[in-house]
Amino acid sequence: MKRFILRQPADLGDALGILHEQGLNARPLAGGTDIVVGVMRDQLVGKGMPYPGELVDLTTVPSLAGVRVDDGGCAIGATTTLVDIVEHADLARFWPMLVEAAAAVATPEIRSIATLGGNIHQRPRCWFFRNKDFDCIKKGGEVCYAVKGDNRYNAIVGGHLCYIVHPSDLAVALLALGANARVASKDAERVVAFDDYFVSPRENLQAETVLRPDEILTEVRVPYASPGTFHAFEKFNDKGLPTWDFAQVSVAVAAHVVDGVWQSGRIVLGGVAPVPYRATVVEEALDGKDIDGALVEACAAFRTVTRPMSHNDYKVDLAVVVLERAIRKALERPSTPTGES
Amino acid sequence: MNDLTGPTPAGATAYVHPAPTGDVHAVSVSIDGVRHELSVESRESLWETLVYRLGHGGANLGCDRAQCGICNVVIDGRSVNSCAVLTARLSGKSITTVTGLSSGPKVSDLHPLQRAFWEEGAFQCGICTKGFLMTSHALLERNPDPTDDEILAALSGVLCRCGEQARIVLAVKRAALEMRTGAVVAPEGSLPHTSETSLMPHTSEVIGARIPRIHGMGSVTDEGQYLSLMTLPGMVFVRMLRSPYPRARIVSVDTRAAEQVPGVVAVVHHFNMPEPYASTVIEGPPYRYLLGRDLVQVGMPVAVVAAESEHIADDALALIEVEYEVLEPTLDYLNTATAPPQWDNHLPGTIRNVIPPVVVGEPDQALEHADVLIENVTTTPYEQHVPLELRTGLYFWEGDNLVTYQTTHRTFDARRELARWLNLELDQVRLIQTGFMGSSYGSADHLIEEVVLPAVLSKITGRPVRSTLTREESFLTSAHRGRTWTKVKMGVNRDGVIQGVAVDVVYDGGTNAGTPASAAASPGLSGVGVRGGWYVFQILYSYLSQKYEGIEVWTNSLRAGPMRGVGRMFGLFALETSMEKAAYGIGMDPLAFRLRNLNETGAVFDEISGTQPGLPFGRVGGQRASLERAAELIEWADLWRPPRGREVRPGVFRGLGIVSTLDRGGGRQGGAPSDAPPPPSTAQVLLHPDGTLEVLSGSTEVGSGQRTLMAMIAAQVTGITLDRVVINPGVDTGINTDTGPTNSSLQTNVSGWAVLEASELLKSALVDHAARAMTDLGFDPAHEALDVRDGWVFVTDRDEVRCSVDDVVANLSEPLHAESDRRRKLTEESVAVGAHAVEVEVDTATGGIEIVRYVAVHDVGKALNRMALDQQVEGGIVMGIGGALHEELIVDEVTGILVNPNILDYKVPSLYEVPLFIVDLVEIPQDYGPFGAVAIGQASTPPVAPVLANALYNAVGVWVTDLPLSRNRVLDALGGRA
């Protein structure tokens, strides 16, 4: 691994000051399981992907870690580890889907150091992007090797020039939960809904979020469920395991249902598109319908928005199945407690 | 702690890792209760700090990417990959490694987890054990009474490639129980031990028992000398720059910037490679040289850097400028005939070898006139062994003589090859294998440039050298299971008689050109790949006519070589899926069809098997008995239904499969030319005046228990109790005598015989020596005989007249000594047979295959160490499951680059995928094996893929005959049938 300078700021101001000065030369560091162990050890560099000269350790900033639950919902600091999310009693009670998604990430070892912010900001999956010998378009090269190569794990929807899939299990859940990101730079702070947080290759080939190089995610805010909302997270990877590998398809569902009729909700898929993908086509097909009767056809409607590549038709079939299962799973459970309960 | 017990450079003290430079951080951490004030560079991982900076042996390394878990330690109560954390960020943390788990060197000092892992056989090679122990420790500290599911979840981030997952869960449960109750729970069938330092029992009656590893203490503590933990005083590290192209010629190399990096000691490449090394042909044609100019695959070494640390070497590699002339590669293995030739080839394109076809009877006519003709095309991908230890070598020179430590299972062969490649006489190379090695499953079989170049760098720099391959390099450079395409035509009549079979094979050997010697002895790959597949066909079943054709091709992809089961893998997959299709084709029960057609007359063509003419077959009864037993255990008669006949939930079906299996072993070394002699069998035994029996054997330990078995044989034959038998863990060519490599399932039959013979000789010397003393006790030498058992010399039929071995030998002035040096007969080669059966559950919606029950029955002749035997069978199945369901190396068809050289994208089995095993034995002793035993090491892997493919068809009625049977292929095959 190439040399880098490890900065260990004592407070947020210091951290943001470094990023302000250094721009892309300095990258935020949390658990490091992707940027150090993945990106830097695997030498993922290119014209559009400079090797960071400095890493800014955000775990030395105490204010960025921890979970707060208040009247408005919960606020989770960006450097809160996944295991702290999984083991948090209030999160398990009011945001069980978030805990389910956190528990589905990688291995227990990784969950004990990986963080919420890191999980959201890890670089995408695509084995061409992740292999130093392919100078792919995302790294600043000329072509996407997935187009002609073995693209069994690549995007089935929303690819454009680049066919990565978004790897985060938590991002899928956060989008379904209507969560917001609190983002800070040296001089400003802003709140961005996760609905607007992720960008596709069409908008920006080199980045996956709206974050500017001098900004960091400081906190994630999740509102309480509204009464009568049902939640579920379902993940499928190659081995069909609950954890370990990245999702071939994951689905997070937040459904407001009365007497079996879909009132409103959010259905979000991971592993199928360059961003966590909100399946509005399925939501609309369910709108105002009796779910039992409409479910199969509504989930099949997802096929209409897909554009599979040469080796990944099967992911479309799988996505439809996982959509059905996630929605059924949500409805089999009691509704999620609201803040008043 | 990592002090080598073998030779080290003269006059040297301990290794000292270079002081950090650049971005240096002061860190204060507690490691195993000891406070350390450290100064480290920001990029240094905790693993590097432990092993290189502190000489700490508490964590092995498997991937350096947080993907395998074998380096796990506990940090502030949580299990963490020590490769994944930077030491500079650990100030104030408390770290516990396996070193901190035990309180001393005795068995009684071990933590209950350590003892349970050892005694339950929860490891073979032990490379993953420290990771499992520490992760289990973190679990039990939080949850003293975990459920099975909680154990699986907690340990799911650690991989075991030997396949001991089920035993690991058992060991954790046992340790948890012991910690809760304070009692020691002896496992079923274990024998009591008296030694403070080992679990070896106080009896000589050990053959057939369950004996844990004799050197297991080294695997459950930090004592085992795994080379990845070892350093040499004054050493430098080497790293290599590798070709990014599958075919290219090096035009120029500019190393000026690299040489300027502080800490770089040498940079060697094609244009400055010294003689005689530069001119040594290592294989070919096409000829391959050490740092040659012509690159024929991605990952071939282009330049080598020796530097004071691996990081510094990597810095230098990044600064080397290479100009390549990029050439058109051959990547499509099914179209090599029209590819541009890459050497002076007498065959079209890059076809390497056309194996002389074999025909018996009139197969073309038979196929034409059979009632039913099935055609079955099967393909198998490149697979890799994924040995969890990163292959490591240590090197230093004493004048013109090389001393080297290697991760190898072929101690003496590796020495021979190193000597040849380095232009040295055999006695100028001393090679040591420490006895602790991450099992390689065949991957360390071929000597590769990576093993030789560090020796050259050590010679050039005058410094000891350490070389450790990265995980990516391991994927790129070691020999893989070759890709294959097989077409089978089988003609069957409705009465179940197979009229004819025709087999056509394309075997992709990749860039494996064979050594010049083997190429001369037998062209190309000597037909090992293709013939290995044919062998299966002709041994297992009978056909009225047969035809075998095949070619071996050369491509600029990966390098093919031996992997557990070698050519039997694709052969059995092609054969047993064809048998299944044929049975369905005539409407016959697949089990009945197999029993109807078993080959009960023996091998037909010696030239196919590659074995010697006249090989006795003699395994027939075992084959039938195995199939019948496996059918009984899987409840075939009650549960088998026609395809799609058992829907257990909507869209979810169960199905059964059953197949035969076989493997060869114990005779000639796999891959050797058919006129090559079998390996030598040698051993020496010494009975010392203190009553200990010392076994000297060159049998290399690879984790499957070779050394334990040699000690057991010596104990059983001499009558001296196993706890008094000593055998070094390692093999040293400077001390031991050649007794063949540990491959091709031959050590039991090779070294085992030698130990047995030497022990018999020693026993008669002991009895002779005892006779005088026993005469004083009333022994009548004229009419009575003496025997030895459990450490006592006694009069046969009057065992109350006895004298302890200790007393008999106490007054010896020198040890009693015996040795064996025998050349085994080729007719002593064994064929191991068996049958596997499985019940699967297939979800047509997700394409998922779940194994409900797995049955393996093997005719092993005689079980010697039942624990090691079960472990080998289980481990072979787990490896087979990985290959059947998930594992494939993917070479990009456009660029020739290996797409998935990591353990995340190359998916080996985890704890979750290990099914409920039922292992049963048939024991029909064979007189060519010690105590009647035959080989078992490889027989349990080949049947897994075909039995699962057959069960998949039986469950859901679709065929997938391209391995692996991964979700995408199953869903594609189901396409709409869900």
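The questions and answers below go through a predicted model of two chains, A and B.

Residues are numbered from 1 along each chain as its sequence is written, and chains are lettered from A and ligands numbered from 1 in the order in which they are written. In this predicted model local features need pLDDT of at least 70, side-chain atom pairs count only at pLDDT 80 or more, and totals for chains, interfaces and linings use all residues.

Biologist: How many residues of chain A are in contact with chain B, and with how many residues of chain B?
Modeller: Contact means that two C-beta atoms, placed from the backbone, lie within 7 Å. By that rule the count is 41 residues of chain A and 50 residues of chain B.

Biologist: Which element gives the largest share of the side of chain A that touches chain B?
Modeller: Helices (H or I, at least four residues) and strands (E, at least two) are DSSP runs, numbered from the N terminus. Elements of chain A that give two or more residues are β1 (5–7), α2 (35–40), α6 (108–111) and α11 (313–332). The largest share, 5 residues, comes from α11(A).

Biologist: What is the make-up by class of the side of chain A that touches chain B?
Modeller: Ala, Val, Leu, Ile, Met, Phe, Trp, Tyr, Cys and Pro count as nonpolar, Asp, Glu, Lys and Arg as charged, and the others, Gly among them, as polar. On that basis this side of chain A has 19 nonpolar, 8 polar and 14 charged residues.

Biologist: What radius of gyration does chain B have?
Modeller: The radius is taken over C-alpha atoms, and the globule rule is 2.2 Å times the number of residues to the power 0.38. The C-alpha trace of chain B spans about 85 × 80 × 60 Å along its principal axes. With 978 residues, a compact globule would come near 30 Å; chain B agrees, at 28 Å.

Biologist: What percentage of chain B counts as buried?
Modeller: A residue is buried if 20 or more other C-beta atoms, placed from the backbone, lie within 10 Å of its own, exposed if 12 or fewer, and partly exposed in between. Chain B holds 25 helices and 35 strands. Among its contacts between residues at least 6 apart in sequence, 78% join residues at least 24 apart. Of its 978 residues, the buried part is 63%.

Biologist: Why does I76(A) count as buried?
Modeller: I76(A) lies in strand β5 (residues 73–77) of chain A. Leaving out residues up to four places away in sequence, I76(A) touches V67(A), I85(A), L116(A), E219(A) and V220(A). I76(A) counts as buried because its C-beta neighbours inside 10 Å number 29.

Biologist: How many residues of strand β11 of chain A are buried?
Modeller: Two strands pair if DSSP finds at least two bridges between them. Strand β10 (residues 249–258) of chain A pairs with β11(A) in the antiparallel sense over 9 bridges, and 2 bridges join β11(A) to strand β12 (residues 277–278) of chain A, also antiparallel. The rest of the structure largely encloses β11(A) (residues 261–270), so of its 10 residues the buried number is 7.

Biologist: Which residue takes a positive phi in the hairpin of β10(A) and β11(A)?
Modeller: In β11(A), G265(A) is the bridge partner of A255(A). The hairpin has 2 residues between the strands, and the positive phi, near 50°, belongs to D259(A).

Biologist: What is the span of helix α11 of chain B between its end C-alpha atoms?
Modeller: The expected span of a helix is 1.5 Å times one less than its number of residues. In α11(B), 10 of 13 residues are buried, and just after this helix G462(B) takes a positive phi of about 70°. The 13 residues (449–461) should span 18 Å, which agrees with the span of 18 Å.

Biologist: How many residues of α23(B) are buried?
Modeller: Helix α23 (residues 866–885) of chain B reaches 28 Å from its first C-alpha to its last, close to the 28 Å expected. α23(B) is mostly covered: of its 20 residues, the buried number is 18.
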